[in-house]
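This report concerns salt bridges, a strand pairing and a surface patch. The sequence and the structure are shown first.

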Amino acid sequence: ITEPNKVLWLGCDFTDATVNPNLKYFVRASGVYFARGLSYVIQKDFVAKGAKTEISVNSDTEAGRVGNVLWGEAAKLAGMRVIPGLTYPPDTADFGPVATKIVALKPDLVELSFVTGDQITNIIAALKEAGYKGFISPANLNPTILANTIAKVGKEYVEGMEYNNFDPRGVHNDPRVQTLIDRYMKEYGEFRYEGVFWVGPWFIFEDAVQATKSVDVEVLRKYLSESKSGVMTLGGYSQLFARTDKGVY
């Protein structure tokens, strides 16, 4: 749809189709899959605590397999030996066999990079039951899931967990973002980063319109392709960059 009709699309997708270098009107406007900076910082913390090996565990989906690869690459940079990632059927309810397999591989750190919802609680509960005593990092944990997990396994078992979900007000103090988060909390009662990270591309689009004073697709495409500075989003600054060495522009 985007290419023949010259429709500008800013999105977060990571598929073979959306990273095709021939695309001119699709812009991957989220660094969450490539620039795993926060994951790397968390992994370095676990390395400092003694973690030498890492495994990423996700559902057997395209996103899950990508998550395993990308968290693994960050873990290598952090200094850990990476055990090839595990996947499980998306409709899994009994995580006992998954946990048993993880324990048998003896990782120091288990990362649930793209796992969401109650599956986080159920995997952690299965790990405890299987006797796992290493570190755990569930990337998409939110306050409700954390409370559910503590209720199931106890505070002691989750002590020391680190995860990617964060409140950007603790990272920056941008008045406009503060106002937007206040509106979000008024509507939903609790700010959850995993519920809003995907709207980052909107801020990049808005910046392009404001900077060019135009809504012409070609003008905006040119501006975005020559992006020079970060744009403040709800989750902090997002910077577009090209990987011309990979044929991705």
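A residue counts as buried under 20% relative accessible area, as exposed over 50%, and as partly exposed in between. Glu 73, with a relative accessible area of 41%, is therefore partly exposed. The model discussed here is predicted.

**Salt bridges**

The structure holds six salt bridges, including those tabulated below.

| Residue pair | N to O distance |
|---|---|
| Lys 49 and Glu 162 | 3.6 Å |
| Glu 73 and Lys 76 | 3.2 Å |
| Glu 218 and Arg 221 | 3.1 Å |

Glu 73 and Lys 76 are separated by about one helical turn, because they stand three residues apart in helix H3. Glu 218 and Arg 221 likewise lie three residues apart, in helix H10 (residues 217-225). Glu 218 is partly exposed at 31% relative accessibility, and Arg 221 is partly exposed at 26%.

The side chains of Lys 49 and Glu 162 also form a salt bridge. Lys 49 belongs to the loop between H2 and S3 and Glu 162 to the loop between helices H7 and H8, so this pair ties together parts 113 residues apart in sequence. Lys 49 is partly exposed at 44% relative accessibility, whereas Glu 162 is buried at 18%.

**Strand pairing and surface patch**

Strands S3 (residues 53-59) and S4 (residues 81-88) pair in the parallel sense over six bridges. The chain passes from S3 through helix H3 (residues 62-78) to S4 in a right-handed β-α-β crossover.

Leu 38, Tyr 40, Val 41 and Leu 77 make a nonpolar surface patch of about 360 Å². Helix H2 (residues 37-48) contributes the largest share, three residues. Tyr 40 lies in helix H2 and is partly exposed at 31% relative accessibility.

Methods: Residues numbered from 1 in each chain as written. Predicted model: local features only at pLDDT ≥ 70, side-chain atom pairs only at ≥ 80, totals over all residues. Heavy atoms only, no water. Pairing = 2+ DSSP bridges. Helix = DSSP H or I, 4+ residues; strand = E, 2+ residues; numbered from the N terminus. Right-handed = clockwise from strand over helix to strand, strands pointing away. Patch = residues over 30% accessible without salt bridge, like charges linked within 9 Å, V, L, I, M, F, W, Y side chains within 5 Å. Areas by Shrake-Rupley, 256 points an atom, 1.4 Å probe, with all protein chains shown as cover. Salt bridge = Lys/Arg side-chain N within 4 Å of Asp/Glu carboxyl O. Buried < 20%, exposed > 50% of the residue type's maximum accessible area, 1.4 Å probe, protein only.
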